[in-house]
Structure formats: structure tokens, C-alpha cells
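Reader: I'd like to learn how to read a few features off a model like this one. Could you walk me through them?

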Amino acid sequence: MTTMSTTRTRGPQRSGDRATPGIDPLRGLTAAEIDATREILGEAGLLSEQTRFVYVGLDEPAKPDVLAGIELPRIVRALLLDRVTGASADVRVSVTDRSILRRDEIDGTNGQVPILDVEFEAIYDLLGAEPEWHEALAKRGITHEQVALAPLSAGEYGFDAERGRRVIRVLAFMRNDEQDHCWAHPVDGLCAYVDMIEGRMFELVDHKVYDIPVESGNFDDPEVQGAPLDTLKPISITQPEGPSFAVEEDRVSWANWRFSLAFDAREGLVLRRIRYVDADQGGVERDIVYRASIAEMVVPYGDPSPSRFWQNYFDTGEYVFGRYANSLQLGCDCLGEIHYFDATIADEFGHPRVIPNAICMHEEDYGTLWKHTDIYTGSNEVRRQRRLVISFFTTVGNYDYGFYWYLYLDGTIECEAKLTGVLFSSAYDPEAGDHASEVAPGLGAPYHQHLFSARLDMMVDGVTNAVEEVDAMRVPMGKGNEYGNAFTKRTTRLRTEAEGARDADPVAGRAWHIVNTEKRNRLGRPVAYELLAQGSPTLLADPESVIAKRAGFTRKHLWVTRYDQDERYPAGDLVNQNPGGDGLPRYTEADRSIDGEDIVLWHTFGPTHFPRVEDWPVMPVDYAKFTLKPYGFFGRNPTLNVPSSESLGMACHTDAAGDGCQCEAGACTCAGHGHGHGHGA
Ligand code: CU
């Protein structure tokens, strides 16, 4: 990026009289602010007929200023692309004082702005005008009219022909009619490289003619589905007194939790200022997370085929995946007493676009919270766990991703990614090495990974935090451990950003404790939350590969950085065609102290996917998650005061169950079949 015509004062940007009083400085953009942004850019002469808005989002003020309660101007970041000249710019607009604060011209050498929908849409006609493309399809016995196209982010391989170009690579799939799911019929061995500014194909990779798999993948066709499973009865969730949460604009309170949320076109759902009301500390609101989001994700494919070696999709940085958020449907996407939040983003002309019901929030019963039958006192107590679910689903091409944040009564925070949709397919070629599963006759599904990066801007009881790595450790047999039963834990403080780049170790039960270096619990130990990782494989591509450089963040499960307002994205700001080295590897170069500082954790997680036959033709949801759990954050179990089911008027009782439940002092023991467990058992 080269800076042009600008100076920007980093830091406060406070402007006293021009600030916007009474507005949460982190609130999502409003339709009026998006309109104002477009108008201000237009008035400044920065828009032409061909200008498209690639991204419009809140340029978040610095955390110290927000925490200081300073009134701050509302600043919007806009990425613009002139579709005819290819000129692109990164602009900061103050909608508070209606001015352009900064304009950086993007020359493309360190990445391009993300890909537009209009570019995807232009591909079909553009390839239709290329005789060589028609010939390649004819060789395979099909015509341009029979194909659907998948325009895909190109990566950056240093090819001479691509220098300075805005490139999209295109794969073709055949479809028998408009309702036919094309992913079942890849036209493999063929890939078109297209220059989006010149509007033409500049290279065609045509390395092998494969048979096009014929079996239908139409999972929505009753004939393909087969006779319906007719033994399922409805499940309805009823909350006769309504849900237990309260919502005021973007602020939520539920049980002991308080937080706000926002929606960003790039990151999707953003949770802010997650706090827990600590009854044992007189009801004080204690901060845990300042801001949490999925700040990047990449899907690197492991198939070296000449037509597909470049397949690596950064769904946030290259595709801006929040804008593909689904409008969720009651009873289908979410079950129970649902509160929906709409998302307001900008369309490609800079006009506000509302995605209705983009965020779903509801409360779920989650089984047993705690329970004990005491053989000495006869006490028999059980409490039920609940969680608040805040989620959104986004569709990026063939895949659909759900991101679910769970807040539990006991202070646990969890983030779960749900992966579903349709596998990316290929022609199955047993001679090409073991890089794909055969999921239907002749149909391949290349091996790949889904690597998410959660950005967790932490604030455990304040901003002075540090991270300790805790491993389970065997103690050698010997003096003091004569019988060899001893084990303990090893705690290592991560002092600098270099030390903070870590891998999970499931065998050692590795946990990372985010401690407050200034606050102690009633036992004199630092208050902490622990991050528990699943520890599935990090990036499997060669460390010298292009993708390893472009997705450097995927090479570690954990990164810890000192908070910096400008460090928002694990693979850098401009990911599309970025040659690499950007994002976390660059952020951590200075090796700043992370010990007793305002820190951000970045956690890489997600499945390595060797597709199963059962994942075809539509994939049952696969899950990946991480957990943040209080570890000495509280002075004891914080859920002792959770009411019993009985005291909530939902106690189990023998009359409704009618099959042998014995209830005493609010606790029931039931014999017999399922529904005999009654309400709230
Ligand atoms: Cu997958």
C-alpha cells in the first residue's frame, strides 16, 4: 500500500466538540452513517460511475480511548475499486465531522481489495466471449450453455503474466438444468485465468480431459432423498414466560452476563464487552473479553493438480463473508424463543443493505449443571445448565458456515463453528496420488483444511493481562515420589510475542491461562480465564509454500500480541493476491512484551477434512470449537444460587410422567422410558 495525499493521526482522534455524544463508540454502522459515507466520498470527488464499494465498516477507535470514556468521532473505513481502471483505495471518512481523514491508494503489489459480486457475475459472459474456452468445453463434449462457473480467488504465485493484474481463476461445473446441483459434475482438468480489469481470459490451463461424473447430487430432490423417515415426532421448545434475556438495541443481559454485539461485513458477528455480574463481589460487572470475532478463515486444499493447486480461500479477507449472512428462519435455523438482530451493511454501490434476522439469539437447556446425592446427609440437589446462544450462518460458495457463541451460567464462553453445505468436488483420479476421497462414482472431494482465526481481545478483570501455558507433567519416581504416582503441572509465562506463538498439545492437556497480573482472587492467586484448544492440525502445506506465507497465522494454534488498534486481521488487511508475510507474522516481528500488558489472543482452530462418503451430496454439520473457562476468576462455583427446576415451577412430578418417578425434596428419580423423566428432570 502506498500512502497518498494523507496524514492520519493515530491514537485518539478525539475531537471534542465534533464528537458524537451518547453513542457507543463501537456500535455497528447505521444506515444513516453508510449513506453519509457515500455522500462524503462523492462530495470529495472520490467516486465515479465505475466505483464499487468493496467493504464499508466501522474504523474502531482505540481501546484505551473507548475505556477512558472519551467521546469519539464515528469513523468509517471504505475500500473502493474502480472497475474500469482497477484503481483502488482505502479511505477513512469521519461521518461525525463529514470529512475525509485519510486516503491510501492501493497499488496491488501487497494485495488487492476483496472480490466483488459484480465481478463474479461478469465471469460467465466474459468467458463466453473466448473461443479457446468454447474449444476446451467442446473437447469434453459440452457447451458453455451447459456450465456453471466458480470464480475463485487466485492467490499470488509470482507468475509473470499476473504481475499487476487483478486475477480470478475459474473452474467449470456442468448442470443438466437450472435445478441441477452442479457440484456433482465437475469439468476437471480445466481452469481459466481471467484479468478482471481487462475483462478477458489471459491463460487457460487445460491439462487433461476427464469424464464428467454423472450421478445426481440433488439432495433437495425427493427422488434422490428416498422415502421419508416417517417415525419422527415434532420437538417444540416452549418458554411460557418468555426468554430470560433482555435486549436494549445492541446490548444484552442474560443471567449474570452482560455484553453488546455488532455485525461487520468482513467478520460477521462481533461480541463486545463480555462481562459477568459477580454476586460474590457485590454484583460488580467484571470484564472478560473486550471484543471477540472470527477475524479470518482460510480453506487450503491439498490437491496438487495443475488445475487446482492454487485453491486456498480466505473467506473473510478475500470474500468478505459477513455480507453473505443468511436471513434465519424461526423453527428451522433456530428453535425456541428467538430474538433476531438485523445486520446493516453497505451494498456495492455504497447504499445501506439490511440483512433481516442475520443474528439469532436464544436460550438453551444444556443438561446438568451440577448434582450430588450425599450419602451422609441425604441431601439430593441438582441444577440445570443453560446457555445463551448467539449465532449467524454465512454461505460462501459451496460451503455454509455457522458461528455460534455460547455463554454458560458458570462463566464458560465457547465458540463453535459449524461446517455444512456441499463439498468442493473434482474428477476422482486414482493415478494422481492420494489427495482426494471418492464420494460418488468418479467424483472426488479434495482433502482440505478449514482454519479459523478467532481474535480474542481480552480484558480479564481489566487490561493488564498475561498468558501462562499450563501443561500436565509426570514427576519421575524417586525421593519424594517413591511410589511414582505423582504428577503436577508446569506453568510457563509467555513473556514476548515470539514466545506467544504456540501450538496446542492435547497429550499434555495444554491450556493457556489469561491472568490478570494485578488482581487476585480470595485465595491470593491471579484471577484467570483459560483457553482450551482442540489442537487439530495446523497448516499442513509445506512451510515454504505460497499458502504458508499468505496464511502465516495458520502455522500456530496461538498467537499473543500487544493490543494495537491497527492490527485487526490475522492474514493482513488486503488478503486477496497478497504475496504473504502480512498479518500476525508481521505484527509480531517487533517481539513486544505481552507480560502484564493489554493483549490480544488469536486462536487458530478448525478441522482437517478428509471428506467422507457420508459428507456427500450435502454434508452433515461438522464442528470445531474452543472454550474459555474461568480459572480462579471467581472465588468459588459461581452457580450455587441458580434456582432448582422445582423453584422455577418446572419440577418433575409423577402425575405427568405417570411411569414411576419418585420425587422428594425437589429431586426425582424416574424409572422407565424417555418421557418419564418429566419436566426439568
Ligand atoms: Cu471441509
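Reader: Let's start with valine 382: how does its relative accessibility make it count?

Author: This is a predicted model, so keep that in mind throughout. Buried means under 20% relative accessible area and exposed means over 50%. Valine 382 comes out at 23%, so it counts as partly exposed.

Reader: Where is valine 382 found, and which residues is it in contact with, leaving aside neighbours within four places in sequence?

Author: The general idea for a strand: in a regular one, side chains alternate between the two faces of the sheet. Here, valine 382 belongs to strand E18, residues 380-396. Setting aside neighbours within four places in sequence, its contacts are Thr368, Trp370, Lys371 and Ser644. Aspartate 287 is another story: 95 residues away along the chain, with 29 Å between the two C-alpha atoms.

Reader: On to rings. How many aromatic pairs does a search of the whole structure find?

Author: You describe a pair of aromatic rings by the distance of the centres and the angle of the planes. Searching the whole structure turns up 33 aromatic pairs. Take phenylalanine 173 and phenylalanine 424: their centres are 5.6 Å apart with 80° between the planes, which is edge-to-face. That pair links distant parts of the chain, 251 residues apart, with phenylalanine 173 in strand E7 and phenylalanine 424 in the loop between strands E20 and E21. Both phenylalanine 173 and phenylalanine 424 are buried.

Reader: What about tyrosine 447 and phenylalanine 610?

Author: Edge-to-face too, at 4.8 Å centre to centre and 85° between the planes. Tyrosine 447 sits in the loop between E23 and E24, and phenylalanine 610 in the loop between E32 and E33, so the pair ties together parts 163 residues apart in sequence. Tyrosine 447 counts as buried because its relative accessibility is 16%, whereas phenylalanine 610, at 51%, is exposed.

Reader: Which residues do ring pairs link into a cluster?

Author: Among them are Phe263, Phe321, Tyr399, Trp405 and Phe626.

Reader: And which ring does the charged end of arginine 266 sit over?

Author: Tyrosine 569's, 3.5 Å from the ring centre. Likewise, arginine 387 lies over the face of tyrosine 406, at 3.7 Å from the ring centre.

Reader: Last one: in what sense do strands E10 and E11 pair?

Author: Antiparallel, over four bridges, with E10 covering residues 245-248 and E11 residues 251-254. Alanine 246 has serine 253 in E11 as its bridge partner. Two residues lie between the strands of this hairpin, and glutamate 249 takes a positive phi near 55° there.

Technical notes
Residues numbered from 1 in each chain as written. Predicted model: local features only at pLDDT ≥ 70, side-chain atom pairs only at ≥ 80, totals over all residues. Heavy atoms only, no water. Buried < 20%, exposed > 50% of the residue type's maximum accessible area, 1.4 Å probe, protein only. Contact = heavy atoms within 4.5 Å. Phe/Tyr/Trp six-rings, centres within 6.5 Å; stacked < 30°, edge-to-face > 60°. Lys NZ or Arg CZ within 6 Å of the ring centre and 35° of its normal. Pairing = 2+ DSSP bridges.
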